[in-house]
Amino acid sequence: MEEDYEPVVQHQRRVNPKIHDVIKKEVEKLLDAGLIYPISDSPWVSPVHCVPKKGGMTVVTNDENELVPTRLVTGWRVCIDYRKLNEATRKDHFPLPFMDQMLERLAGNEYYCFLDGFSGYFQIPIDPKDQEKTTFTCPYGTFAYRHMPFGLCNAPGTFQRCMMAIFHDMIEKTMEVFMDDFSVFEFLSNVPCSSIRKDA
């Protein structure tokens, strides 16, 4: 944390009653998975915010009978507004890879496999002494995270650093890693067909 910041307790924001159930289901899911726990007293409290998950486009008629392209809302994503906490956080400047350089290294290979990491950030535990800083408030109480949530300013750099440490001997040789997206590649033109496993 930066030295000149004081902890901030933000109050719960009014939530549209229609999405109360969305928040309740998300809290129950995180509690059941052991990713959050109830906390009664914390010097840092951030509010919940719900944003629409956007799908494809459709065309609707407005009040003046004009056709207007509109993005479909397929559901809601529960987010925590960590802006105050992020302002007070000393920034981690671990670099993320340049996408164009990654694509250049991928180009020219014959075989590709694209993988998406499952619950990527939630694989990173938070130091117990820092967990209370992730406290959020919602209509169902106040809760803190045991594992790294989305919305923290240092989460991308922290996650990328972990992935680089795990896959350091494969990066740029047989795989590229950008956050929780993995691109595995191989150039096999000089390999005899008999040596390629059919069940791979």
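The legends below describe close-up views of a predicted model.

View 1. Strand S2 (residues 46–61) pairs with S3 in the antiparallel sense over 12 bridges, and threonine 61 has leucine 67, in S3, as its bridge partner.

**View 2. Helix H1 across the sheet.**

**View 3. The largest nonpolar core and methionine 148.** The largest nonpolar core holds 33 residues, of which Ile23, Val48, Phe136, Tyr145 and Met148 touch the most other members. The elements that contribute two or more residues to this core are H1, S2, S3, helix H2 (83–88), S5, S6, helix H4 (155–166) and strand S7 (175–178). In soluble globular proteins, nonpolar side chains tend to be buried together. When residues up to four places away in sequence are not counted, methionine 148 touches Tyr121, Phe122, Ile124, Ile126, Ala155, Thr158 and Phe159.

**View 4. Helix H4 and its buried residues.** H4 has 12 residues and reaches 17 Å from its first C-alpha to its last, which is close to the 16 Å expected at 1.5 Å a residue. Ala155, Gly157, Phe159, Gln160 and Met163 are buried in H4, and the buried residues of this helix pack against S7 and strand S8 (181–186).

View 5. An open sheet of 3 strands has the order S4-S8-S7, with antiparallel pairing. Strand S4 (111–116) and S7 each have a single partner strand and stand at the edges, so one side of each is left without a neighbour in the sheet; the twist averages 15° from one strand to the next. S7 and S8 pair in the antiparallel sense over 4 bridges, and the bridge partner of phenylalanine 178 is aspartate 181, in S8. Helix H3 (residues 99–106) packs on this sheet, where it touches S4, S7 and S8, and its direction makes about 160° with that of S7.

**View 6. The annotated span.** An unreviewed UniProt entry places the feature "domain: Reverse transcriptase" at residues 73–185. In the model, the end C-alpha atoms of residues 73–185 lie 35 Å apart, and this span is 23% helix and 27% strand.

Definitions and conventions:
Residues numbered from 1 in each chain as written. Predicted model: local features only at pLDDT ≥ 70, side-chain atom pairs only at ≥ 80, totals over all residues. Heavy atoms only, no water. Pairing = 2+ DSSP bridges. UniProt positions renumbered as here; feature names shortened; annotations may be inferred. Core = buried A, V, L, I, M, F, W, Y, C linked by side-chain atoms within 4.5 Å. Buried < 20%, exposed > 50% of the residue type's maximum accessible area, 1.4 Å probe, protein only. Contact = heavy atoms within 4.5 Å. Expected span 1.5 Å × (residues − 1). Axes fitted to C-alpha atoms, helices over the stretch in contact; angles between N-to-C directions.
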